[in-house]
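Take each task first, then compare your steps with the solution.

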Amino acid sequence: MLDVRQLDLEEIATALQDQSAYEYRWLIDPASGEIMMWTADGGIDGKTPIDLDELDLVPIEALPPSVWHRDMADFAERVSDEQAGRRLLRAIQGRGAFRRFKDELHEEYPHLLTAWHAFHHARATRRAIDWLLDNHVIDDAAASNCRMEHPDPDVP
């Protein structure tokens, strides 16, 4: 098992959110914690094509958009300004929810941007921790300690 401090939780969280990984795959070496990109044309070194099955690496599959959508809803529900919360909840209805949510924050509620980024970062970090635990890269104690270090921040 690896020490959580050896791992780039932010990069793992990015991989878990990457819905565009069709031509490439995020991988992690469970022995070292190193994160790599793989493509069909260039393998992991960018030059030598290699089949994914030949690598002793664990693919980091993106989590479904509904997981990240729930974060936007949770954030909007915690906003103390009822009108802002309602508008943010309305923005995430239907197709284009992620773009509308960002636009609403940037255009109408820029004072909430810092809080949103902190909230989103805490959630993404805990998901990275859970993914590492589920894939036997870290143990229960390390996951539990690390989760406690990344609680949801207060939302204004």
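**Exercise 1.** Find which helix gives the largest share of the lining of the largest pocket in this predicted model.

*Solution.* Start with the helices that supply at least two residues each: these are H2 (65–78), H4 (97–108) and H5 (113–134).

**Exercise 2.** Describe the largest pocket by its volume and its lining.

*Solution.* Begin with the space itself, a volume of about 350 Å³. Then turn to the 15 residues that line this pocket; Gln 17, Phe 98, Lys 102, Trp 116 and His 120 are the closest to its centre. Finally, sort the lining by class: eight residues are nonpolar, five polar and two charged.

**Exercise 3.** Work out which residues line the second largest pocket, and sort them by class.

*Solution.* This pocket holds about 170 Å³ of space. Its lining is made of Leu 2, Asp 3, Val 4, Arg 5, Ala 142, Asn 145, Cys 146, Glu 149 and His 150. Sorting gives four nonpolar, two polar and three charged residues.

**Exercise 4.** How are H2 and H3 oriented towards each other, roughly parallel or roughly antiparallel?

*Solution.* First take the axes of H2 and H3 (residues 82–91), which come within 7 Å and cross at roughly 165°. Angles over 145 degrees count as roughly antiparallel, so H2 is roughly antiparallel to H3. The crossing of the two helices is left-handed. Now look at the contact: Ala 73, Phe 75, Ala 76 and Glu 77 of H2 meet Gly 85, Leu 88 and Leu 89 of H3. By class, this contact has five nonpolar residues, one polar and one charged.

How values were computed: Residues numbered from 1 in each chain as written. Predicted model: local features only at pLDDT ≥ 70, side-chain atom pairs only at ≥ 80, totals over all residues. Heavy atoms only, no water. 1 Å grid on protein atoms, 1.4 Å probe; cavity = no way out; pocket = protein on both sides within 12 Å on 5 of 7 lines; lining within 4 Å. Points joined across faces, edges and corners; volume = space filled by probe spheres on them. Helix = DSSP H or I, 4+ residues; strand = E, 2+ residues; numbered from the N terminus. Nonpolar A, V, L, I, M, F, W, Y, C, P; charged D, E, K, R; others polar. Axes fitted to C-alpha atoms, helices over the stretch in contact; angles between N-to-C directions. Parallel < 35°, antiparallel > 145°, perpendicular 65-115°, else oblique. Left-handed = near helix turned anticlockwise from the far one by under 90°. Contact = heavy atoms within 4.5 Å.
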